[in-house]
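Please look at the fold below.

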Amino acid sequence: MNRSRLALETALLDDAQGNYKGTFRITPRAFFAASCGVPTLVESFEGLASFFAPGTEIATFTSAGDIAAEAERVLADESARTAMAGRARHRVLRDHTWDQRVESFLLAVQEWRALGT
């Protein structure tokens, strides 16, 4: 990952079953890439901004037809790509570390336990 110039992330769950079919999600790959200082090209979806700022910290595409064009655009400008990667890395270190995730999970468990008593 560290030697990559751009990571690709798909978000649409087109082969999922039941209620999840047709929904979107982000996988750890985008966070791994950002932590390595590599920008990600991800399928745009509602809620993405709660993880990364589209166009600023992460590049987006809206259809299979514009993946190549967006990848070419990001790869063509090394300075902008490096800046995007830096902003994504900063966001991961600020908001998305494993310690933060564990702390959030433990807090949710405490809150859940408090509801049961």
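Three strands form an open sheet in the order β1-β2-β3, and their pairing is parallel. β1 (7-9) and β3 (59-61) are the edge strands; each has a single partner strand, so one side of each lacks a neighbour in the sheet. On average, neighbouring strands of this sheet are turned by 25 degrees against each other, direction ignored. Strands (E, at least two residues) and helices (H or I, at least four) are DSSP runs, numbered from the N terminus, and two strands pair if DSSP finds at least two bridges between them.

This is a predicted model: local features need pLDDT of at least 70, side-chain atom pairs count only at pLDDT 80 or more, and totals for chains, interfaces and linings use all residues. Residues are numbered from 1 along each chain as its sequence is written, and side-chain values use heavy atoms, with hydrogens and water left out.

β1 and β2 (residues 40-43) run parallel and are joined by 3 bridges. E9 has V42 in β2 as its bridge partner.

| Residue | Helix | Relative accessible area |
|---|---|---|
| F32 | α1 (residues 28-35) | 41% |
| V109 | α4 (residues 98-116) | 24% |

F32 counts as partly exposed, and so does V109; the term covers values between buried (under 20% relative accessible area) and exposed (over 50%), with a 1.4 Å probe and protein chains only. V109 and R91 are 18 residues apart along the chain, and their C-alpha atoms are separated by 25 Å.

Conventions:
Axes are lines fitted to C-alpha atoms, for helices over the stretch in contact, and angles run from 0 to 180 degrees between N-to-C directions.
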